[in-house]
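Student: I have a chain to go through before a meeting. Take me through the main points, please.

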Amino acid sequence: MPAARTSSVVRAACGLLFAQFLLAGPAAALDARYLAEDAVDLRALLPAPPAAGSPADEADLEAVLRAQEARTPATTAAAQADAQVSVFRVGDVLGPAFDTSRLPLTTALYREIGRDATAVVVRAKKYWKRPRPPQASDRVKPVVETTSNDSYPSGHALYGCLVGALLGLMVPEQRAALLARGDAFAWNRVVGGAHYPTDVAAGCTSGKIIAAVLLQNPRFRADLAAARDESRRVLGLAPAR
């Protein structure tokens with residue numbers, strides 16, 4: 001995804017984030033989850049997707065088609081495996097010990113994060129109502145299952161970049177690898193034919209915004225610390241300072 005575009009989106013979002021969080025605070029505090037669905041209004045923080053039929057929309061489609069043409073058996077298999085929304089897909093760079101059977105606190109934490117983030121992103125999807133690439137062009141041949149819900153922003157990309165950032169806080173020794181894995185998890189939605197690059201860029205930006213908001217929540221910080229300690233123990237790493 002173009003770095004300049006993502007950077008400009010992040011700068012614009014950060015300008016609104018603090019006021020957005022303060023306005024949403026009372027609603028979030030009444031909800032038992034970490035993040036109420038109206039705690040972050042992505043409609044106010046993200047640019048609109050390219051208009052249908054515009055040059056930017058056509059360029060987005062061409063990027064999907066180029067990714068499709070470049071598929072290999074290995075990249076197809078990776079895209080299909082990353083269709084599973086799981087912290088253990090993004091965390092696979094930490095090795096086989098990072099496994100749900102050994103990490104009950106981590107599993108529960110990231111399951112709840114996924115639920116909360118999904119509620120936030122669905123509101124934005126319903127607002128923009130962007131058709132997915134296979135709905136827009138029969139030249140797109142997806143190799144992953146695509147649902148009929150809207151394309152922008154990508155919920156998979158949101159989750160991948162959110163999880164990559166949070167895992168990087170838990171295991172800072174592997175932060176660069178975890179952030180890169182989150183990006184790859186997100187980009188596999190383009191490889192698979194399920195999303196446009198702009199969907200993925202907006203999803204990744206959304207994930208990092210949500211990470212920043214979650215870290216304002218004392219309950220979340222406590223649960224993240226517990227998951228961090230559990231994961232570091234299982235991975236054989238020194239306790240966090």
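**Loops, helices and core**

Student: Where is Pro153?

Tutor: Pro153 sits in the loop between α7 (133-136) and α8. Helices here are DSSP runs of H or I with at least four residues, strands are runs of E with at least two, and both are numbered from the N terminus.

Student: Before we go on, what kind of model is this?

Tutor: It is a predicted model, in which local features need pLDDT of at least 70 and side-chain atom pairs count only at pLDDT 80 or more, while totals for chains, interfaces and linings use all residues. Residues are numbered from 1 along each chain as its sequence is written, and side-chain values use heavy atoms, with hydrogens and water left out.

Student: Which residue has a positive phi although it is not a glycine?

Tutor: Lys129, at about 50°. Lys129 belongs to the loop between α6 and α7. For background, most residues other than glycine have a negative phi, and most peptide bonds are trans.

Student: Is Lys129 buried or exposed?

Tutor: Exposed, at a relative accessible area of 57%. Buried means under 20%, exposed over 50%, and partly exposed in between, with a 1.4 Å probe and protein chains only.

Student: Changing topic: how many helices and strands are there?

Tutor: There are 11 helices and 0 strands. Of the 241 residues of the chain, 49% count as buried.

Student: Which residues touch the most other members in the largest nonpolar core?

Tutor: Val40, Tyr110, Leu162, Leu167 and Leu214, out of 45 residues in that core. A nonpolar core is a set of buried Ala, Val, Leu, Ile, Met, Phe, Trp, Tyr and Cys residues joined through side-chain atoms within 4.5 Å. The elements giving two or more residues to this core include α2 (42-45), α6 (104-128), α8 (155-170) and α10 (197-214). α6 supplies the largest share, 8 residues.

Student: What is Leu167 in contact with?

Tutor: Leaving aside neighbours within four places in sequence, Leu167 contacts Val87, Val90, Gly91, Phe98, Tyr110 and Leu178. Contact means heavy atoms within 4.5 Å.

Student: At what angle do the axes of α8 and α10 cross?

Tutor: Roughly 45°, and the axes come within 7 Å. That makes α8 oblique to α10. Under 35 degrees counts as roughly parallel, over 145 as roughly antiparallel, 65 to 115 as roughly perpendicular and the rest as oblique. Axes are lines fitted to C-alpha atoms, for helices over the stretch in contact, with angles from 0 to 180 degrees between N-to-C directions.

Student: And α6 with α11, at what angle do they pack?

Tutor: About 140°, with their axes 8 Å apart, which makes α6 oblique to α11. Among the residues making this contact are Leu109, Tyr110 and Ile113 of α6 and Phe220, Leu224 and Ala227 of α11.

Student: Last one: is Gly182 buried or exposed?

Tutor: Buried, with a relative accessible area of 0%. Gly182 lies in helix α9. Not counting residues up to four places away in sequence, Gly182 touches Val90, Gly160 and Cys161. Gly182 and Leu158 are 24 residues apart in sequence and 9.1 Å apart in space, C-alpha to C-alpha.
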